[in-house]
Amino acid sequence: MSKFSSWFVKFTGKPIQWLCFRTKVYYEDRKAQSRKIKGPAIIISNHTSVYDFAVMLYVFPHRYLRYLMAECLYEKRSLGRFLTAMGGVRVDRDSFDFSFVDKSVDILADGGVVGIFPESRLPVEGEERPIPFKPSAAYIALLSGAPIIPVYTDGSYFRKRRARVIIGKPIIAEDLASDVTDEKQRIEIISGILRNRIVELGNELERRIAKTKKQKSK
């Protein structure tokens with residue numbers, strides 16, 4: 001039922017997506033990554049607003065995305081039911097319930113795609129963005145062996161300017177900090193590397209936008 005709901009929303013929501021986001025997708029390396037994900041994968045992205053999830057559905061339109069969702073989103077019954085129908089994986093951030101990790105690993109083992117916003121919450125005014133990453137993405141990637149696909153979005157939603165997203169080259173967590181034997185320390189290092197990759201993608205996106213503007217002004 002969840003899979004059907006996701007495809008139904010993607011199909012019927014296309015006109016709304018175009019009106020509200022009009023997302024333009026860039027690639028760090030078109031040969032290394034496309035919007036057609038093959039096999040299991042973990043999508044990570046910076047978090048700019050509650051609409052990031054809706055945007056990612058259309059950035060990767062060919063796959064059923066199972067996103068980790070914070071418990072606060074389930075407080076409203078109607079929204080909670082919708083997220084459940086969309087295949088959302090609930091994460092209770094203030095509890096010691098880590099069942100979402102096992103569920104994510106199971107999804108990936110079945111060849112599915114898991115989406116994670118590693119910041120775990122929206123940044124507040126004055127915070128450096130992206131804020132430090134939580135360890136979940138790195139931990140799930142190490143347990144599952146699934147590649148991580150980093151994505152950066154500029155968060156330009158409901159504006160005259162199109163939303164812009166850049167997809168980075170896949171990352172294999174197992175290859176990162178392989179010489180570190182302490183698991184906790186290794187996960188912290190990997191989480192830092194993942195955050196840096198998102199920052200790099202953001203800088204690359206700005207560079208390409210500036211280049212396009214310069215070419216048009218000639």
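## Reading salt bridges and pockets

Tutor: Let's start with a trio: Glu28, Arg197 and Glu200 are linked in a network of salt bridges. Keep in mind that this is a predicted model, where local features need pLDDT of at least 70, side-chain atom pairs count only at pLDDT 80 or more, and totals for chains, interfaces and linings use all residues. Residues are numbered from 1 along each chain as its sequence is written, and side-chain values use heavy atoms, with hydrogens and water left out.

Student: What is a salt bridge?

Tutor: Side chains of opposite charge can pair when their charged atoms come close. Here the rule is a side-chain nitrogen of Lys or Arg within 4 Å of a carboxyl oxygen of Asp or Glu.

Student: How many salt bridges does the structure hold?

Tutor: It holds 10. One of them joins the side chains of Glu71 and Arg93, at 3.2 Å from N to O. Glu71 sits in the loop between β3 (65-70) and α4 (77-85) and Arg93 in the loop between β4 (89-91) and α5 (99-109), so this pair ties together parts 22 residues apart in sequence. Those helices (H or I, at least four residues) and strands (E, at least two) are DSSP runs, numbered from the N terminus.

Student: Is Glu71 buried or exposed?

Tutor: Buried means under 20% relative accessible area, exposed over 50%, and partly exposed in between (1.4 Å probe, protein chains only). Glu71 has 15% relative accessibility, so it counts as buried, while Arg93, at 34%, is partly exposed.

Student: How far apart are the closest N and O atoms of Glu204 and Arg208?

Tutor: They are 2.7 Å apart, in a salt bridge. Both residues belong to helix α7, and because they are 4 residues apart, about one helical turn separates them.

Student: What counts as a pocket?

Tutor: Picture a 1 Å grid over the protein atoms alone: a pocket is an open set of points where a 1.4 Å probe fits, with protein on both sides within 12 Å along at least five of seven lines, and lining residues have an atom within 4 Å of a point. The largest pocket holds about 1300 Å³ of space, a volume being the space filled by probe spheres set on the points, which are joined across faces, edges and corners. Of its 48 lining residues, Leu68, Met69, Ala70, Leu73 and Phe117 are the closest to the centre.

Student: Which kinds of residues line the largest pocket?

Tutor: The lining divides into 32 nonpolar, 8 polar and 8 charged. Nonpolar covers Ala, Val, Leu, Ile, Met, Phe, Trp, Tyr, Cys and Pro; charged covers Asp, Glu, Lys and Arg; the others, Gly among them, are polar.
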